[in-house]
Amino acid sequence: MDRRRAAGDSGSAAVLVGERRGRLRELHDLLDETRAHGSRVAVVTGPAGSGKSLLLRTFFEQAAVSGRRPLTATASRAEQAVPFALLEQLVRGVRSAAPPPLVARLVRLCEEGAAAVLHRHTEPGVSDGVCAQVVHRLCAALLDLFEQSEGPVVIGIDDTQHADSASLQVFFGLLRRMHTGRILLVLAGHTTSAPLDTLLKAELPSEPTARRLYLPPLTTVGVEELVARRLGEDTAHRTAAAYAAVSGGSPALVNALIHDNQSAPPAVGEPLVTGPAYREAVLTGLYHGGPDLLALARQLALLGETFDRSLLRHLMGLHGDSTQQAIGALRGAGLLTGDRFRHPQARLAVLGDMTPEERSDAYTRTARILHKNGAPVTSVAVQLLASERIGTSCSVTLLHEAAEAAVGDGQVRLAQDILHYADLHPADARQQAVTTAMLVRTEWLTDPAAAARWVPDLMVAAKGGQLASSHVSTLIGTLLWFGKIDAALDHLGHLRDPDWTRDPLTSAHRDARSKWLELLYPPAAATPDGEDRDTGFAPGAPLFDTDPQSQAAGLLGELLSCAPRPPSASVADSTLRRYPFGAGTASTLAAALGVLVLCGRLAAAARWAEKLAAAARDQDLLVWQAVFTALRAEIALRRGDPEAAERLGRDALNSLSADAWGVLIGLPLATAVQACVTLGRPAAAQELLNLPVPDVMSHTTAGLPYLRARGRYYLATGQPERALADFLTVGRQMRQWDLDLPVFLPWRTDAAEAFLRLGIVQQAAELAMEQLEMSGRQQPHPYALSLRLLAACRSDEQRPELLGEALAVLKEIEAPLELAQAQADLAGALLALGRPDEGRMLLYQARYTAERTGAQTPGRTGGPEHTGTAAVPAVRVGERHGDSAARELSVAEHRVARLAARGLSNRQIAGELFLTISTVEQHLTRVYRKLRVRGRTELARAMPRDPTRRIPA
């Protein structure tokens, strides 16, 4: 494609729009002034592609129509080194109209001048070796020619920045003698050329003889007019803003974009196509702008985002003012916005104009100069990466520094690219080991499963003593994540070597990993020699005198080793405010956020979790984005928003593969399962529980919430025996691991509920009382749960007092689900005591509270997450009504009998209680035998009165 045509500077479609028409009128005004008052000069300037050539061509055509035949010439870069090439082009234009002797005289003088320059017969003081006498004779000959013309003479020179110096000397000689004739000299071009700019400043007459006409970029209105002429007014009105944004108002780029989009104009909101015409127009403008402008554009394209004005001075050899002027020219040409390319395709077009060898050489040279002048190591590494050259000239140590800096700047993907590049370079064993360790660390941040492939090599390097303590710590952390406990203990023991213990940094790494080991794998955290563990979790121990990694474990360890105290939340809040988010502080911030959650500061925790998840996403730290999303899910569940909890839990699970989650997959799984159970979606919960989890997870603290969630699922689906087994396993492990804290996992009330479902009231009461005494009012959530479960074990007369206290506690914290359950329990107790007005009111409140959370209404199903203990019948109901036979029914039989007495079919009962139809039939058979009744009619008369029967569902 012809570059000039792609730029829109020729062809019938080329039109003047906007302020260009005003500049055309100014040229005609100058022509009138020339006719009336003498010679004039117009200097038309503007960025590349601004329409200078089109303006001149339009003016000359109109001048010719009015009888003024212009003398025109266009300078060329190819002839810039040929003396008098531009002047000869002008002379050839007058051969047919001028006397032959005069034309011959001009030709002879041009030849003599060219010979003088080529043979270096120069006189001192004349630029470029052109003799002053030759210039004088040429000026005189031209003036003789112009004096023979009738009326003003119009001379037009386009692309003046490419004119040869000898011709420029003649033209500026004419400027000094213009008072003798009527000449309109129109010069068009870029003034970014230093020699031309200097000559214009020195030789250009003052106003009104001379006038500068600048063509700025088109406004949006001008762009819309240009698009309308080609594509219609409707399309122009819809897309003008997009054309202006991509082109920067450059007419050449606008025309090129029209060419690329004319077959299929984009719809509203869709980007413009930047195709071949656009890319060709970009290059055309740069080539017309001159070699300096092209070189600057290439250097900017090479630098990409690592732009610095001071770097350009070193790379281009430009002074500050020259740099600013050149960048301004690129902005005016529509290529730059600020100091960056306006559109990615413009940068790609510039890079694509270079051969692969040129690009590689340029990137390598740029990297060398940047490094020499103290540029950031990441900027140097980016250039080396782009060069795609592998060799000994590249410093692997520099690449390590650059990768570390990139991680610190939140550019983890760049760090990975740098390290993969470093891995290809020749290096000694220690350097290679460092590269591998850093690859494990950076790849773990985005995909732990990908990082795992480097772990075997890293273990070998650690055994060979080729790693520093920080890299051994990275290895241990990765092994813990994947449940490789024995290997982690082995390398942790290596950090206890006497040669290492004297190093404070090594001690910090060892302490941090030891604390995380105890938190995640309590059974394996004992020291090898059997001594008591010293984890630094002593209550009140200072937490700010350690590194962030150690502090992260210390925060949670202190909380789980004792009851939450106000200082715990204060320290967590201070930690969240103290450390900016990054790869090195993420674990600290996650631990502090966990402390806020366990301390009941749920509103603050929700704000921090959302903020940290967004920061992790912005820095591409996918692991931490997943972790903070999982924490957001847990917070949502505790705040009574199971819909959000399920969505966020699934988002967290989907952020990483199951393999990448390692043993911590139990945390988001537990939250998502509990949310599904709360929402009455047992099938969805079962689907989540079917996901494979690592076997070793059962020996970790991450496995405890998973076991509890599975138990809640069993309880909701009418499997209290299996639920009880899970709850008791949680309790046994928590006691063995010294983590028995109700605010962490209230396993006692879970087990108490399962015992009640099985009709074992005494055990349920003992567990509820034990948790009540452990919690106290300083742990309001487990305290209220304990009161509610204890009330379920008492008579109806005793229940209102316990439930009233539970309600008072729950109203002070964010626990809408538990509040709804307690309201439903109290409603049932009041109805049973013959207080229907109060009971009904509370029951409606319970339903309203539950509906706001999206959970099922308490009392509607047998699932504890939906009904709490409201669905657990009072154990002495039968006795209270004088029916001793009813006292012989188990809790499960009592629930089935009550629903059957209300007229529900076996299938409906099975659906209500999450049982199979055969199980319902077996329960009813035993009920009929114990109550000595035949059929449902007699059952309805024999059953004790159901106080909730008259309450509308």
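Analyst: What follows starts with the whole chain and then turns to its salt bridges.

The model is a predicted one. The protein chain holds 50 helices and seven strands. Of its 953 residues, 55% are buried. Its accessible surface is about 40,000 Å², and carbon and sulfur atoms account for 51% of that. Take the contacts between residues at least 6 apart in sequence: 68% of them join residues at least 24 apart.

Now the salt bridges. How many salt bridges does a search of the whole structure find? The search finds 33. Side chains of opposite charge can pair when their charged atoms come close.

Start with Arg710 and Asp726. Their side chains meet in a salt bridge, at 2.8 Å from N to O. Arg710 belongs to helix H37 (residues 703-716) and Asp726 to helix H38 (residues 720-736), so the bridge ties together parts 16 residues apart in sequence. Are these two residues buried or exposed? Arg710 is partly exposed, because its relative accessibility is 25%. Asp726 has a relative accessible area of 6%, so it is buried.

Helix H37 also holds Arg712. The side chain of Arg712 meets that of Glu753 in a salt bridge of 3.5 Å, N to O. Glu753 sits in helix H39 (residues 747-757), so this pair ties together parts that are 41 residues apart in sequence. Both Arg712 and Glu753 are buried.

Which residues are linked with Arg712 and Glu753 in a network of salt bridges? The network also takes in Arg708, Asp750 and Arg757.

Further along comes another pair. Glu893 forms a salt bridge with Lys930, and their closest N and O atoms are 2.8 Å apart. Here too, distant parts of the chain are linked: Glu893 is in helix H47 (residues 891-901), Lys930 in helix H49 (residues 917-931), and 37 residues separate them. Glu893 counts as buried because its relative accessible area is 4%, where the cut-off for buried is under 20%.

Next, the nonpolar side of the picture. In soluble globular proteins, nonpolar side chains tend to be buried together. The largest nonpolar core has 207 residues. Phe581, Trp624, Phe628 and Trp661 touch the most other members of that core. Leaving out residues up to four places away in sequence, the contacts of Phe581 include Leu589, Leu612, Gln619, Trp624 and Phe628. A second, separate core has 43 residues, among them Leu142, Leu143, Val153 and Leu168.

Helix H23 (residues 455-463) has the buried residues Val455, Leu458, Ala461 and Ala462. Seen down the helix axis, they fall within an arc of 115 degrees, so they line one face of H23. An α-helix has 3.6 residues a turn, so residues three or four places apart point the same way. The buried residues of H23 pack against helices H21 (429-444), H22 (448-451), H24 (469-481) and H25 (485-494). Val460 and Lys463 are exposed, on the face turned away from the buried side. Just after H23, Gly465 takes a positive phi of about 70 degrees.

Last, a single residue. Thr34 is found in helix H2 (residues 19-37). Thr34 is buried, because its relative accessible area is 0%. Beyond residues up to four places away in sequence, Thr34 touches Ser39, Arg40, Pro152, Arg182, Ile183 and Leu184.

Conventions:
Residues are numbered from 1 along each chain as its sequence is written. This is a predicted model: local features need pLDDT of at least 70, side-chain atom pairs count only at pLDDT 80 or more; totals for chains, interfaces and linings use all residues. Side-chain values use heavy atoms; hydrogens and water are left out. Helices (H or I, at least four residues) and strands (E, at least two) are DSSP runs, numbered from the N terminus. Buried means under 20% relative accessible area, exposed over 50%, partly exposed in between (1.4 Å probe, protein chains only). Contact means heavy atoms within 4.5 Å. Accessible areas come from the Shrake-Rupley method with a 1.4 Å probe; for residues, only the protein chains shown count as cover. A nonpolar core is a set of buried Ala, Val, Leu, Ile, Met, Phe, Trp, Tyr and Cys residues joined through side-chain atoms within 4.5 Å. The arc is that of the directions from the helix axis to the C-beta atoms. A salt bridge is a side-chain nitrogen of Lys or Arg within 4 Å of a carboxyl oxygen of Asp or Glu.
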